[in-house]
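Walk me through the inside of this protein. I would like to see how its parts pack together.

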Amino acid sequence: MGITKLHGLAILVTAGITGAIWYHHPFPPASDQKPTASSEEGILLQTDLNETSPMLPRRRDVLVLTPWLAPIVWEGTFNRDILNAQYMQKNLVTGVVTFAVKKYVQFVEGFMSSANKYFLAGHQVNFYLFTDNPEQISHLQMAPENHLFVIPVQNHSQWQDISMSRMGIISRYIRSQFQYEIDYLYSIDIDVQLFEHIGVEIIDTLVGTISSWHYTARRESKSYETRTESQAAIPTGEGDFYYTASFYGGSVAEVYKLTRACFKGVMEDRENGIEARWHEESHLNKYLLYHKPTRLLSPEYYWDEELSRPRIIQVKRMCSVRKDGEK
């Protein structure tokens, strides 16, 4: 999972660029009517890929382009003012889905207050909070452009069952509700807090966040599922980046396909009496290996506080919350 020859080539190519890199921003045309689902295969919301924005890559110390030419977003590689102006013209709505079940309800206030302040600030965001204790969710003051929807969800006896059912729940709600309300959807763990702005630079068709473990000496601790019995198995020697399941997203249509495929793999594993090494995250990595993200977010966008921060991480925009209460 280290830097491959292709990664090295990408670094050399991007280092030699003297002009701007043109990043695709598939903001679809604004419309008053959300498209409806036409078949089981898709609720495919059409995306306008014809618009581009000049982005000057000012970083030379990190990989800013994947071997398949998808941008990797780091501090210093985008102009948020330009992107905000484009996004505002489209009248888009982005959704955030998160789960607070059992003891994780304790993280709701910290997550919501920080996300309300820093996530796509100034743009309309629908927060969908799934919880088994809706009565414990206190009233939260939201920005005028943001809306919080509390959705009751079934409790499970084990946290693994809760984790592995999330993608099934997300895909079902996309089909029955979300596709009519939002244009983009991001899944974020509840036990995090945002400390810096996360803006429209994250918006694209299919977005994965590179795991913070990928950039540390301990990266082998977070590795792919290799047992061939599992639907999440990735053959030894294959793979490029390792993605965290704590923050991923994209267009509603693509997130629907991703979550449905991953949940199908989870259920097939369960029927065969096997559990992937890192649960839904293993299935996410299998999916993104064969369905390449159109945009990658650097570990700045989700940093695991268990790890020491390397020099290349100039800003920690969102971090996990230590379970002992330390940030």
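Glu225 sits in the loop between strand 9 and strand 10. The model is a predicted one. Is Glu225 buried or exposed? Its relative accessibility is 3%, so Glu225 counts as buried. His279 is 54 residues away from Glu225 in sequence. In space, the two are 9.3 Å apart, C-alpha to C-alpha.

The loop between strand 9 and strand 10 also holds Tyr224 and Tyr242. Both tyrosines are buried. A pair of aromatic rings is described by the distance of the centres and the angle of the planes. For Tyr224 and Tyr242, the ring centres are 5.7 Å apart and the planes meet at 45°, so the pair is tilted. The two residues are 18 places apart in the chain.

The structure holds 10 aromatic pairs. Another of them joins Trp68 and Phe241. Here the centres are 6.0 Å apart and the planes stand at 80°, so this pair is edge-to-face. The partners come from distant parts of the chain, 173 residues apart. Trp68 is in the loop between strand 2 (52-55) and strand 3 (72-73). Phe241 is in the loop between strand 9 (206-210) and strand 10 (243-251). Phe241 has a relative accessibility of 1%, so it counts as buried. Trp68 has 25%, which means that it counts as partly exposed. Trp68 has a charged neighbour too: Lys292 lies over the face of its ring, at 4.5 Å from the ring centre. Elsewhere, ring pairs link Phe99, Tyr128, Phe130, Phe149, Tyr173 and Phe178 into a cluster.

Now turn to the nonpolar packing. The largest nonpolar core has 43 residues. Which members touch the most others? They are Trp74, Phe130, Ile170, Ile174, Leu185, Leu258 and Leu284. Strand 4, strand 5, helix 4 (159-176), strand 9, strand 10, helix 5 (252-271) and helix 6 (280-290) each give two or more residues to this core. Helix 5 supplies the largest share, five residues. Take Ile170 as an example. Leaving aside residues up to four places away in sequence, Ile170 touches Val97, Phe99, Leu185, Ser187, Tyr248, Val255 and Thr259. A second, separate core has 39 residues, among them Met112, Met142, Tyr186 and Val192.

The packing leaves some gaps. There are two cavities of 30 Å³ or more.

Why is helix 3 described as largely enclosed by the rest of the structure? Helix 3 spans residues 108-118, and eight of its 11 residues are buried, so the rest of the structure largely encloses it. The buried residues are Val108, Gly110, Phe111, Met112, Ser114, Ala115, Asn116 and Tyr118. Their cover includes strand 4 (94-100), strand 5 (125-131), strand 6 (146-152), strand 7 (184-188) and strand 8 (192-194). Met112 also belongs to the second core. After helix 3 comes Leu120, with a positive phi near 45°.

Conventions: Residues numbered from 1 in each chain as written. Predicted model: local features only at pLDDT ≥ 70, side-chain atom pairs only at ≥ 80, totals over all residues. Heavy atoms only, no water. Buried < 20%, exposed > 50% of the residue type's maximum accessible area, 1.4 Å probe, protein only. Helix = DSSP H or I, 4+ residues; strand = E, 2+ residues; numbered from the N terminus. Contact = heavy atoms within 4.5 Å. Phe/Tyr/Trp six-rings, centres within 6.5 Å; stacked < 30°, edge-to-face > 60°. Lys NZ or Arg CZ within 6 Å of the ring centre and 35° of its normal. Core = buried A, V, L, I, M, F, W, Y, C linked by side-chain atoms within 4.5 Å. 1 Å grid on protein atoms, 1.4 Å probe; cavity = no way out; pocket = protein on both sides within 12 Å on 5 of 7 lines; lining within 4 Å. Points joined across faces, edges and corners; volume = space filled by probe spheres on them.
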